[in-house]
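Please look over the sequence and the model below before reading on. The text after them goes from the whole chain to single residues.

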Amino acid sequence: FTAWLFSDKTLGIHPVVCGKLLRIDRCLLDTQHLLPVLAVIYGLGFLGAVTIAQLQITVSLLTKNISGFIVSVAIYILSLFYVAVYMPGNSCMVQRTDILMEGGFSPAVLVAVDIVLIAAAIVADIVIIRRKDMLE
């Protein structure tokens with residue numbers, strides 16, 4: 001990114017690099033597509049991490065603290081092997097979006113799924129905290 005700032009504002013990746021090394025179908029990293037790609041890379045990764053952290057808090061409130069950590073690690077591992085839109089770990093992997101891969105997930109759908117999961121976890125946290133004695 002720094003090299004792009006001080007260059008002639010063109011950035012591209014050779015198609016061989018895209019196909020063979022990165023295992024993605026297309027590279028939209030020219031000047032007009034750079035900002036949306038950067039927004040997807042940083043925004044989806046951050047939102048996916050917040051979603052998993054919120055789910056970890058919910059599980060930790062229901063059970064012991066270590067089980068929340070185990071669940072969050074399991075979500076990341078399962079997201080590596082199962083390509084499904086409802087797995088919050090998939091939004092952390094930018095290569096699974098339709099910006100970089102034909103047939104990938106739409107970033108808007110991933111954001112919607114993450115927001116629904118965060119909202120459901122927050123509602124569950126509120127219910128758990130109201131019903132549970134936190135000092136025990």
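This is a predicted model: local features need pLDDT of at least 70, side-chain atom pairs count only at pLDDT 80 or more; totals for chains, interfaces and linings use all residues.

The protein chain has 5 helices and 0 strands, so in sequence order the pattern reads α-α-α-α-α. Of the 136 residues in the protein chain, 29% are buried. The accessible surface comes to about 8900 Å², and carbon and sulfur atoms account for 71% of that surface. Among contacts with a separation of 6 or more, 53% are between residues 24 or more positions apart.

Helix 4 covers residues 65–81, which is 17 residues. From its first C-alpha to its last, helix 4 reaches 26 Å, close to the 24 Å expected at 1.5 Å a residue. Which residues of helix 4 are buried? They are G68, S72, I75 and S79. These four cover an arc of only 55° around the axis, and therefore they lie on the same side of helix 4. The face turned away from that buried side carries the exposed residues I66, I70 and F81.

Helix 5, residues 107–131, has 25 residues. Its reach from first C-alpha to last is 36 Å, close to the 36 Å expected at 1.5 Å a residue. The buried residues here are P107, L110, D114, I118, A121, D125 and I128. Several of these names return in the next two paragraphs.

Helix 3 spans residues 34–62, and Q54 is found in it. Is Q54 buried or exposed? Its relative accessibility is 16%, and buried means under 20%, so Q54 counts as buried. Leaving out residues up to four places away in sequence, Q54 touches I118, A121, I122 and D125. Of these, I118, A121 and D125 are among the buried residues of helix 5. With D125 there is also a polar contact: the side chain of Q54 and the side chain of D125 meet at 2.4 Å.

The last stop is the nonpolar core. In soluble globular proteins, nonpolar side chains tend to be buried together. In this model, the largest nonpolar core has 5 residues, namely V40, L44, I99, F105 and L110. L110 is also listed with the buried residues of helix 5. What does V40 contact beyond its neighbours within four places in sequence? V40 is in contact with G45, V94, T97, I99 and P107. One of these, I99, is itself a member of the core, while P107 is one of the buried residues of helix 5.

Terms used
Residues are numbered from 1 along each chain as its sequence is written. Side-chain values use heavy atoms; hydrogens and water are left out. A nonpolar core is a set of buried Ala, Val, Leu, Ile, Met, Phe, Trp, Tyr and Cys residues joined through side-chain atoms within 4.5 Å. Buried means under 20% relative accessible area, exposed over 50%, partly exposed in between (1.4 Å probe, protein chains only). Contact means heavy atoms within 4.5 Å. Helices (H or I, at least four residues) and strands (E, at least two) are DSSP runs, numbered from the N terminus. The expected span of a helix is 1.5 Å times one less than its number of residues. The arc is that of the directions from the helix axis to the C-beta atoms. A polar contact is a pair of N or O atoms within 3.5 Å; within protein, one must be able to donate a hydrogen and the other to accept it, and residues adjacent in sequence count only if both atoms are side-chain atoms. Accessible areas come from the Shrake-Rupley method with a 1.4 Å probe; for residues, only the protein chains shown count as cover.
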